[in-house]
Amino acid sequence: MRASLRLLVVPLALLACRAPAPSSAGLRSAGPAIPARRAVTFPDGWRFKAGEKAAFGDRFMIASNQVLASNAGSEIVEAGGNAVDAAVAVGFALAVTYPVAGNIGGGGFMVIRMADGRSATIDYREIAPLAASRNMYLDAAGNPTNESIIGYKASGVPGAVAGMAEALSKYGSMSLAQVMAPAIRMARDGFVVDSSLYYSLRSSSGYLGRFDAKDVFYDNGEPLKPGTLFKQPALARTLQQIADQGPSAFYRGTVGDSLVAAMQRGGGIITKRDLEQYTALWRTPIKSTYRGYTMFTMPPSSSGGIVVTETLNILEAAGDSLPTWGTAAYAHLLGSAYQRAFIDRNSKLGDPAFVNVPLEQLTSKRYAQSLAKTIDPDRKTPTPSDGAQIVDGMHTTHYSVVDDKGNAVATTTTLNNGYGSAVYLKNVGFFMNDEMDDFASAPGKPNMFGLVQGEANAIAPGKRMLSAMSPTIVLDPQGELLLVVGAAGGPRIITATSQVILNVIDYRMTLADAMRAPRLHHQALPDTLMVETNGLTTEAEAGVRRIGHAVRYLGGLANVNAVMRVAGGWEGVSEPRVGGTGGTSAR
Ligand code: DON
């Protein structure tokens with residue numbers, strides 16, 4: 001039998017092993033005291049223990065899925081760079097050391113909050129090529145094919161290089177060459193392959209083997225072995241050209257020419273004109289409040305900020321406090337709030353250059369109050385029509401950076417699927433994305449993540465496909481930086497990111513516990529409450545089933561990397577669910 005799950009109201013300062021790190025004299029104050037953390041008991045059988053320690057840095061903290069990439073960020077902060085310099089260094093380093101999701105052939109979103117109070121977001125999402133068309137992925141019977149997922153036609157025009165360079169030019173303090181130096185070094189001189197890259201390549205060999213990656217990441221079909229010093233000369237050349245010439249090397253120069261030539265050979269549709277026209281866009285952050293805390297999140301073309309905000313607004317409207325964590329009432333309320341926000345997401349959101357997005361309405365407190373009233377505590381509301389399936393996956397990557405001046409950056413970047421479209425451009429050394437699958441290639445029919453989306457997210461040339469990426473920065477009620485967070489995991493990005501926020505704000509968990517707590521997910525369709533295996537007590541599961549929820553257990557739900565302010569500095573936690581080389585880097 002599983003123990004019932006309850007928050008024990010024990011201030012952690014009473015637990016010797018969890019005492020906050022003392023602040024050292026002479027260090028920058030990390031802001032006003034944060035409320036005492038409380039211990040939590042996880043369900044019996046849950047894979048993680050509560051009460052673990054987070055990494056600590058009294059000056060700065062970087063959390064990503066690859067420790068060598070986090071170290072690249074540290075190197076830049078140590079050399080005098082700020083959080084934006086460091087974030088760009090991490091982004092390029094991930095493209096070298098974490099090829100499953102780190103990229104220059106994909107895109108992403110960055111939320112910036114400077115210590116002087118400025119905030120900004122940059123949208124460097126891919127766009128549909130000019131030759132794209134609404135029905136390009138449908139077969140003769142009108143059903144979606146897998147050409148939006150694998151192969152040359154699956155790619156949107158990459159935005160990563162433009163976005164990172166633009167962020168650096170406006171908010172960074174160093175040159176592109178300086179911040180790219182660690183990435184170039186690791187591509188040119190090599191880095192040591194670990195078991196996590198080995199296993200990732202092994203499990204992807206079927207589809208990677210169909211394209212040129214087989215000659216670089218495999219030796220006679222065998223993936224690079226752990227311990228191998230892996231050098232990527234083609235990627236090193238590409239990165240050096242970008243460092244020397246700026247993003248024009250990618251969008252108007254030899255790198256772009258090589259990309260276009262490969263597309264022509266392989267049957268892709270990205271042209272020189274597509275690359276020349278690509279621009280990363282500065283957008284006004286969604287600024288919202290939750291129980292007195294302030295959040296800066298990403299507006300469309302990501303749905304992440306709207307859906308996180310709408311969900312938290314519904315939860316705030318539902319009562320002065322949330323139900324006891326982990327109970328049936330908790331799971332029902334969260335699931336119902338997500339369900340409502342995802343119904344809006346899936347039907348109303350798309351690229352704001354193409355559709356009228358009702359951002360003000362969806363993020364308003366009044367609208368959330370009206371939705372909160374529709375949640376019956378004793379009965380689950382059905383989502384109108386079903387048929388979708390959820391597919392597991394964690395192949396995007398989020399990193400959180402706080403520097404020694406209190407500047408913060410939350411970045412999520414992706415190729416979409418692991419290794420994107422599987423197309424590896426061997427002359428220039430990188431994978432291309434399969435982001436086109438994030439469009440509703442057949443509105444009303446599920447995509448790879450089981451998301452059933454509407455016309456607002458139909459394919460059109462030059463349009464950005466709707467994303468779920470949710471890089472978020474949270475300030476405490478005194479206006480001090482508290483939390484930098486975001487995730488990988490398709491639509492589960494939204495639910496996992498918001499649950500880490502709830503765990504920290506409502507349940508006062510330490511960051512280590514907030515990250516390890518079992519997660520749940522609802523995305524309207526399929527009309528199912530998804531929960532991590534052993535993540536609900538028997539009582540809670542019976543309780544949610546009694547009021548009508550279908551429950552499905554999933555192996556792991558999203559991949560979060562977060563940084564949080566604590567007494568005297570910063571804690572960082574890299575996703576414990578993925579293990580491997582994920583890591584923090586701090587001083
Ligand atoms: O932008 C998005 O929402 C997706 N392309 C993210 C994909 C992702 O997280 C992959 N992992 N399952």
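I began at the ligand: one of its oxygen atoms is 2.6 Å from an N or O atom in the side chain of T396. I took a polar contact as a pair of N or O atoms within 3.5 Å; within protein, one must be able to donate a hydrogen and the other to accept it, and residues adjacent in sequence count only if both atoms are side-chain atoms.

The model is predicted: local features need pLDDT of at least 70, side-chain atom pairs count only at pLDDT 80 or more, and totals for chains, interfaces and linings use all residues. Residues are numbered from 1 along each chain as its sequence is written, and side-chain values use heavy atoms, with hydrogens and water left out.

I then looked up backbone partners. A polar backbone atom of H395 is 2.8 Å from a nitrogen atom of the ligand, and a backbone N or O atom of A468 lies 2.7 Å from a ligand oxygen atom. The ligand taken alone exposes 340 Å², of which the protein buries 98% (Shrake-Rupley method, 1.4 Å probe).

I turned to the sheets. Helices (H or I, at least four residues) and strands (E, at least two) are DSSP runs numbered from the N terminus, and two strands pair if DSSP finds at least two bridges between them. Seven strands form an open antiparallel sheet in the order β11-β6-β5-β15-β14-β4-β26. β11 (281–283) and β26 (583–586) each have a single partner strand, so one side of each edge strand lacks a neighbour in the sheet. β4 (residues 61–64) pairs with β14 (residues 396–402) in the antiparallel sense over three bridges, and M61 stands opposite V402 in β14.

I checked what lies on this sheet. Helix α2 (residues 83–97) lies across β4, β5 (107–113), β14 and β15 (408–414), at about 155 degrees to β14. Helix α3 (residues 160–171) touches β5, β6 (119–124), β11 and β14, and its direction makes about 160 degrees with that of β6. Contact means heavy atoms within 4.5 Å; axes are lines fitted to C-alpha atoms, for helices over the stretch in contact, and angles run from 0 to 180 degrees between N-to-C directions.

Last, I noted an open three-stranded sheet, β21-β22-β23, with mixed pairing. Four bridges join β22 (residues 529–532) to β23 in parallel.
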